[in-house]
Amino acid sequence: MIGPSFMEYYVLAILVLAITLLLIRIVRYDVVGLIVMVLLIIGGIISPEKALAFIGSTTVVVLGSVMVISKALEESGFLDKLAEELDKVFGNEYVLLVIVMLIVSLLSGFMSDVALVSIFIPFMYAVSRSHNKKLSKYLLPLSYAAIIGGRYTIFGTSTNLIIDQLWYERFGRYLPVFQFLSIGLVIVFTSIPTLLLIYLLLPNRESVVTSVDDLKIGEYVVEAQVSEDCELIGKTRREVEREYGVKIRSVLPRRLSRSGRIHGGATLIMEVPVDKLPIISSIKGLTLAPQSAQIEGKEVIEALITSASTLINYTISDLDVLNKYGVRIVGISAGDRRIYGRISHVVLRPGDALLLMGSEESIARFMSDYGLVPLRTRGAKLFDVRKGVVSIAVLAGATIASLMGVNIALAFLTGVIALMLSGAVNYRRIYQYVDWSVLIFIASFLSLGYAMSSSGLSTVIAGILPKSLIVLFLITALIANFVNNVSAATIMTPIALTYPNPLLAVTVVAMASTTTFLTPFSHPANLLVYNPGNYRPRDYLTMGALLLTLVLVITLLFAHAL
């Protein structure tokens with residue numbers, strides 16, 4: 001019997017090194033990927049041309065394009081508006097949770113899991129307050145719902161794209177976009193009762209304050225002009241406040257009594273929480289004032305006036321910011337001071353915060369000139385119907401084109417170009433929407449997957465392991481949870497391709513590599529909810545085990561392996 005060759009031992013050593021570095025986390029994951037790729041080239045396992053070709057592979061192009069499209073959809077405020085409407089329509093907590101989990105799971109097949117979770121965290125905060133419960137009851141099921149959903153489309157998760165690329169390297173053709181649709185949707189729908197069970201089992205634990213932003217939700221005083229066709233006309237101030245979660249300080253030019261009704265041509269002075277801005281800006285016929293000129297861009301940034309700022313003791317009307325910078329000041333938070341008149345007449349003080357609207361470059365120039373400090377890493381969002389519609393249309397168009405036989409990379413790249421040409425996305429910001437470290441990591445690890453197949457290492461490993469789909473699932477799930485999901489798909493797909501039924505085997509790998517439920521660091525969405533929910537590692541281990549078992553059983557039933 002001929003033993004493993006030097007080439008196989010060399011690739012195995014690189015594989016062990018990569019797993020070790022990813023586990024001890026002393027080197028960033030994309031750097032680990034580059035180290036792996038360089039070592040493979042030095043050892044002659046893979047040519048430089050082939051290694052670099054993975055950087056421009058279908059997997060990388062599609063994933064980068066999906067990042068851009070999903071980011072544009074996130075910034076449109078469309079999903080924020082959806083969350084608000086859900087809260088209005090569904091009063092029952094359990095019904096609301098089921099609807100939200102389904103929406104998040106299904107949307108996850110078309111956009112970033114992390115973006116979905118970050119969008120719905122404020123919504124869950126509102127639900128927790130409404131039902132007098134803590135965030136710990138809601139956030140972990142939210143994260144799990146986002147992770148569960150992405151598996152039913154090829155481009156919904158990076159692992160599916162890796163599997164698709166390695167399948168192409170072996171057979172010379174790509175998998176259909178909805179190759180995993182049937183099993184993916186079965187897992188989505190059957191996981192909803194388990195997510196509700198997890199909600200019931202999770203402790204009602206007090207949240208931990210980790211930053212100044214956690215202490216309170218910021219509220220800003222804004223001016224809003226009521227046009228003659230505004231949907232608020234005829235409603236009382238109390239009705240508007242109750243429906244939209246705002247407080248109307250006054251109505252100009254004439255004051256109305258508490259029972260008075262909103263009329264066309266009025267200017268409302270409202271106190272608005274930051275997370276309600278997308279909702280307020282979406283009200284038909286209501287325009288944030290002053291709207292005296294057209295400006296470029298709709299970025300909204302919260303900026304703090306420090307004691308060193310030259311804005312102190314000036315009013316907004318003194319500054320002429322719109323003409324000088326192309327920036328509008330649409331709101332102000334003035335601490336304990338009550339504002340009942342126009343915000344342009346408020347004298348600015350240290351500690352005041354401003355809502356600035358305009359292009360990113362214009363806002364940055366204005367803040368630099370006047371010594372302002374950004375309050376949050378994520379700016380507030382306004383509801384942008386056009387941006388939301390274009391983003392959804394592009395996503396749907398790219399998916400349909402892929403189903404009709406158009407190369408999936410070309411379809412999604414064309415979608416990104418359409419976003420830019422439509423003006424929905426500023427071309428200067430395209431590169432900021434892409435997580436380059438993830439793309440580099442995936443591209444470089446594709447080299448490892450290719451090397452495992454071409455060197456024969458995957459065949460050797462497959463010969464040692466029992467030809468069992470259960471074993472294949474469990475090993476993939478362990479790597480996904482304790483190393484990362486990209487490594488799991490890259491390492492186990494070449495092994496799955498040696499099975500008698502490679503399509504069935506890679507389906508098992510696809511399902512197992514997305515079971516990242518057991519640890520906080522196994523998926524970015526899990527980390528995102530870790531501190532706000534005040535979770536413990538054992539919460540992930542115990543609750544995640546329930547979901548992992550469910551996915552295992554359904555996958556094996558699907559594969560007729562039980």
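In which loop is Asn 534 found? Select Asn 534 and you land between H23 and helix H24 (537-558). Helices here are DSSP runs of H or I with at least four residues, strands are E runs of at least two, and both are numbered from the N terminus. Asn 534 is not a glycine, yet its phi is positive, about 50°. With a relative accessible area of 14%, Asn 534 is buried; that word means under 20%, exposed means over 50%, and partly exposed is in between (1.4 Å probe, protein chains only).

A word on ground rules before moving on. This is a predicted model, so local features need pLDDT of at least 70 and side-chain atom pairs count only at pLDDT 80 or more, while totals for chains, interfaces and linings use all residues. Residues are numbered from 1 along each chain as its sequence is written, and side-chain values use heavy atoms, with hydrogens and water left out.

Next, pick Asn 313, in the loop between strand S5 (299-305) and helix H13 (316-319). Here too phi is positive, about 75°, in a residue that is not a glycine. Most residues other than glycine have a negative phi. Asn 313 is exposed, at a relative accessible area of 55%.

Now jump to Thr 516, between helix H22 (502-512) and helix H23 (524-530). Its relative accessible area is 0%, so Thr 516 is buried. Show its contacts (heavy atoms within 4.5 Å): leaving out residues up to four places away in sequence, Thr 516 touches Ile 147, Ala 480, Asn 481, Asn 485, Ser 522, His 523 and Asn 526.

For a helix, select H4, residues 58-75. Its 18 residues should span 26 Å at 1.5 Å a residue, and the end C-alpha atoms are 26 Å apart, which agrees; the expected span is 1.5 Å times one less than the number of residues. H4 is mostly covered, with 16 of its 18 residues buried. After H4 comes Gly 77, whose phi is positive, near 80°.

Finally, zoom out. The protein chain has 24 helices and eight strands, and its C-alpha atoms fill a box of roughly 95 × 45 × 45 Å along the principal axes. Of its 562 residues, 55% count as buried. Among contacts in the chain with a separation of 6 or more, 78% join residues 24 or more positions apart.
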